[in-house]
Amino acid sequence: MTDLPEPTAGVFDGREHQLPVRIYYEDTDFSGIVYHANYLRYFERGRSDFFRRIGISHTELAKADTAFAIIRMELDFKRSARIDDALLVRTTYDRVKGPRLYVSQKITRGDDVIVQAAGEAVCITLDGRPRKPTAEMLGQLAPWLEP
């Protein structure tokens with residue numbers, strides 16, 4: 001069996017995490033345009049891979065009775081994406097206040113902004129109760145927050 005490369009978890013450009021995404025037929029509606037709800041899936045991948053790249057594992061978080069829930073997501077659609085487009089999911093975590101994490105995201109195609117998002121996640125226990133992020137998690141996230 002050959003050694004296969006790991007899937008990309010994106011790269012950082014300063015504070016911004018960048019995750020390439022390709023649009024497939026399954027992502028589109030009958031008109032060939034990306035179905036609007038799929039942008040939320042791409043944003044989720046961006047947030048998850050941001051954490052993966054800074055060393056925060058969702059598997060390890062679950063072992064520590066910790067997860068995240070999105071409690072607010074504001075979207076501003078600018079353009080349409082279509083099959084075969086190469087997009088870039090751009091994610092920055094801006095600040096942490098108590099159990100809340102504030103995140104800014106956008107998806108671009110070249111210089112064109114497709115959709116922008118402002119979100120708020122809350123750190124929770126596995127049974128759904130809010131909790132503050134651990135000191136270790138805050139330490140890993142601190143260098144990436146707004147100065």
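A salt bridge is taken here as a side-chain nitrogen of Lys or Arg within 4 Å of a carboxyl oxygen of Asp or Glu. In this predicted model, Glu120 forms such a bridge with Arg72, with 3.5 Å between the closest N and O atoms. Because Glu120 belongs to strand S6 and Arg72 to strand S3, the pair ties together parts that are 48 residues apart in sequence. Glu120 also meets Arg100 in a salt bridge, at 2.3 Å from N to O. Arg100 lies in strand S5, so this pair ties Glu120 of S6 to a part 20 residues away in sequence. Arg72, Glu74, Arg100 and Glu120 are linked in a network of salt bridges. Over the whole structure, twelve salt bridges are found. One of the pairs formed is that of Asp127 with Arg129, whose closest N and O atoms are 2.9 Å apart; both of these residues are exposed.

Strand S6 spans residues 112–124, and ten of its 13 residues are buried, so the strand is largely enclosed by the rest of the structure. S3 and S6 run antiparallel and are joined by ten bridges; in this pairing, Glu74 stands opposite Ala118 of S6. Strand S5, residues 100–109, is likewise paired with S6 in the antiparallel sense, over ten bridges, and Glu120 is the bridge partner of Tyr102. S5 and S6 form a hairpin with two residues between them, and Gly110 in the turn has a positive phi of about 65°.

Helix H1 covers residues 38–53. Its 16 residues reach 23 Å from the first C-alpha to the last, close to the 22 Å expected at 1.5 Å a residue. The buried residues of H1 include Tyr39, Tyr42, Phe43, Phe50 and Phe51, and also Asn38, Arg47 and Asp49. Just after the helix, Gly55 takes a positive phi of about 95°.

The largest nonpolar core has 14 residues, and Tyr39, Tyr42, Phe43, Val89 and Ile107 have the most contacts inside it. Strand S2 (16–22), H1, S4 and S6 each supply at least two residues of this core. A second, separate core comprises twelve residues, among them Tyr93, Cys123, Leu141 and Leu145. Beyond its neighbours within four places in sequence, Tyr42 is in contact with Val21, Ile23, Asp27, Val34, Val89 and Ile107.

Several aspartates occur in loops. Asp85 lies in the loop between S3 and S4 and is buried, because its relative accessible area of 16% falls under the 20% limit. The side chain of Asp85 makes a polar contact of 2.8 Å with that of Arg109. Residues up to four places away in sequence being left out, Asp85 touches Val21, Arg22, Ile23 and Arg109. Asp84 lies in the loop between S3 and strand S4 (86–97), but Asp84 is exposed, with a relative accessible area of 55%. Asp84 has a positive phi of about 75° although it is not a glycine. A positive phi, of about 55°, is also found at Asp65, another residue that is not a glycine. Asp65 lies in the loop between helix H2 (58–63) and strand S3 (67–77) and is partly exposed, at 31% relative accessibility.

Conventions:
Residues numbered from 1 in each chain as written. Predicted model: local features only at pLDDT ≥ 70, side-chain atom pairs only at ≥ 80, totals over all residues. Heavy atoms only, no water. Helix = DSSP H or I, 4+ residues; strand = E, 2+ residues; numbered from the N terminus. Buried < 20%, exposed > 50% of the residue type's maximum accessible area, 1.4 Å probe, protein only. Pairing = 2+ DSSP bridges. Expected span 1.5 Å × (residues − 1). Core = buried A, V, L, I, M, F, W, Y, C linked by side-chain atoms within 4.5 Å. Contact = heavy atoms within 4.5 Å. Polar contact = N/O pair within 3.5 Å; in protein donor to acceptor, adjacent residues only side chain to side chain.
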